[in-house]
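Work through the exercises below with the sequence and the model side by side. Try each task before reading its solution.

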Amino acid sequence: MRKRVYLGFFIAALALVATDCSKSGSPSGPTGPTGPTGPTGPTSPQTPTITSAVPDTGAYNTSVTITGTNFSTTASNDAVSFNGIAATVSAATATQLTVTVPKGAGTGAIKLTVGSNTITGPTFTYLYSYTVTTLASGSPFNDPFGIAVDTNGNVIVADDGNSKIRMVTPAGVVSTIAGNGTPGFADGAAATAEFKDPPSVAVDAMDNILVGDPFNYKIREISTTGTVSTVAGTTVGETDGPTSTAQFDSPAWMTEDANGNIFVCDAHYIRKISAGSVSTLYDGHTYASTLVAFTAIALKRNDTLVLLDDLGANVFQLTPSGTFSSIAGTGSAGYYDAPAATAQFSSATGIDIDAKGDILVADEANQRIRLITPGGMVTTIAGSGTAGSADGVGAAAEFNYPHGIAVDRKSGAIYVLEPSSNRIRKITVE
């Protein structure tokens, strides 16, 4: 009986404790209303794709339709480039873009950026156009023979028949830089200095003008301050040594590298003027006894020289290590566009190199301007093959025995000298 009483008390006590515990907690308040859902963040654009570009070949200003997916419908949000050069997008849908090929794009991949996504599409083959115009002609020229371009785009001309050095501005204005017009030899002020039928000029990085003065057996210089001086040469001969005693046979054509080294075509020799001394780099008779004289010179990177000889059927190369080789032409005169080893030239007389590494050749007897790509393909960029004076685009233009050639590496313009017609032609590259 006592155990049952105790058990009853114990159960009652547990019930009382449980009730007290439930009362000691804070009462739950009513559930508040659910707040509004915040705005959804911007969705990242999906990665675009390009399935085609039509046409995939064309010139400057060609309209190209790019088809694919996930393009922005706002044209300004679709960034398109051809070979790294930005293009203009004129119309856009989610699956199609209308794009204009930029000037001078060159051959390369089409790229598209939409938001943070960039993709590479197909390769577009760029077709350069070459428009020939006449920059200057007639008086005051008399058998102008050599041509170069300074850093301001002015054309420097060796006016051989007048024994003067001229300048032609990009607008075609002709002035005299140096020479009093009397064939002879005199250093000093540009206006009173004398040259003797100078056939060639070159321009250094500071716009000083080098003059090949072969009938005086010297290399001359016209400074930017208007003073003519002798760089090297004394009397006729082949003696190397200090510039004050060295001799030249016929120092006609030259070029200068970024370090101030001057490379000279001296009959069948290639000479170098460096640090006050003249040395002989190569004797063309080593290659062939029929190589009478080098007649044009241009400079590749790392002081590799590109040369023409008096026959004009080959383009040669001389490396700094002394390796001499033909890089284009068969050795037989003719006209044939092809890979360099089988291409033909006829009395090529002028040579220069553009900013892309293309070699430009004035192919005199063929009345054409030729181009050798870094990959070794020879093509014709201007000239019909018939002697004449017609301006025009590409093969519609005519040349009258194009002799000298020079490239403005800033603008890409090509200048061609025609001694027989006293004309300077300009080729605009687009």
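This is a predicted model: local features need pLDDT of at least 70, side-chain atom pairs count only at pLDDT 80 or more; totals for chains, interfaces and linings use all residues.

Residues are numbered from 1 along each chain as its sequence is written, and side-chain values use heavy atoms, with hydrogens and water left out.

**Exercise 1.** Find where Asp358 lies and determine whether Asp358 is buried or exposed.

Solution. 
- Step 1: Asp358 sits in the loop between strand S29 (348-353) and strand S30 (359-363). Strands are DSSP runs of E with at least two residues, numbered from the N terminus.
- Step 2: Asp358 counts as buried because its relative accessibility is 8%. Buried means under 20% relative accessible area, exposed over 50%, and partly exposed in between (1.4 Å probe, protein chains only).
- Step 3: Leaving aside neighbours within four places in sequence, the contacts of Asp358 include Leu371, Ile372 and Thr373. Contact means heavy atoms within 4.5 Å.
- Step 4: The side chains of Asp358 and Lys356 form a salt bridge, at 3.4 Å from N to O. A salt bridge is a side-chain nitrogen of Lys or Arg within 4 Å of a carboxyl oxygen of Asp or Glu.
- Step 5: Lys356 has 45% relative accessibility, so Lys356 counts as partly exposed.

**Exercise 2.** State how many salt bridges the whole structure has, and examine the pairs Glu430 with Lys103 and Asp159 with Arg166.

Solution. 
- Step 1: The search of the whole structure finds 14 salt bridges.
- Step 2: In the pair Glu430 and Lys103, the closest N and O atoms are 3.9 Å apart. Glu430 lies in the segment after strand S36 (423-429) and Lys103 in the loop between S7 and S8, so this pair ties together parts 327 residues apart in sequence.
- Step 3: Glu430 is partly exposed at 26% relative accessibility, and Lys103 is partly exposed at 46%.
- Step 4: In the pair Asp159 and Arg166, the closest N and O atoms are 2.9 Å apart. Asp159 is buried at 0%, and Arg166 is buried at 7%.

**Exercise 3.** Which residues of the largest nonpolar core touch the most other members?

Solution. 
- Step 1: A nonpolar core is a set of buried Ala, Val, Leu, Ile, Met, Phe, Trp, Tyr and Cys residues joined through side-chain atoms within 4.5 Å.
- Step 2: The largest core has 20 residues, and Ile66, Val80, Phe82, Leu97, Val99 and Leu112 touch the most other members.
- Step 3: Among the strands that each supply at least two residues of this core are S3 (63-69) and S7 (96-100).

Notes
Helices (H or I, at least four residues) and strands (E, at least two) are DSSP runs, numbered from the N terminus.
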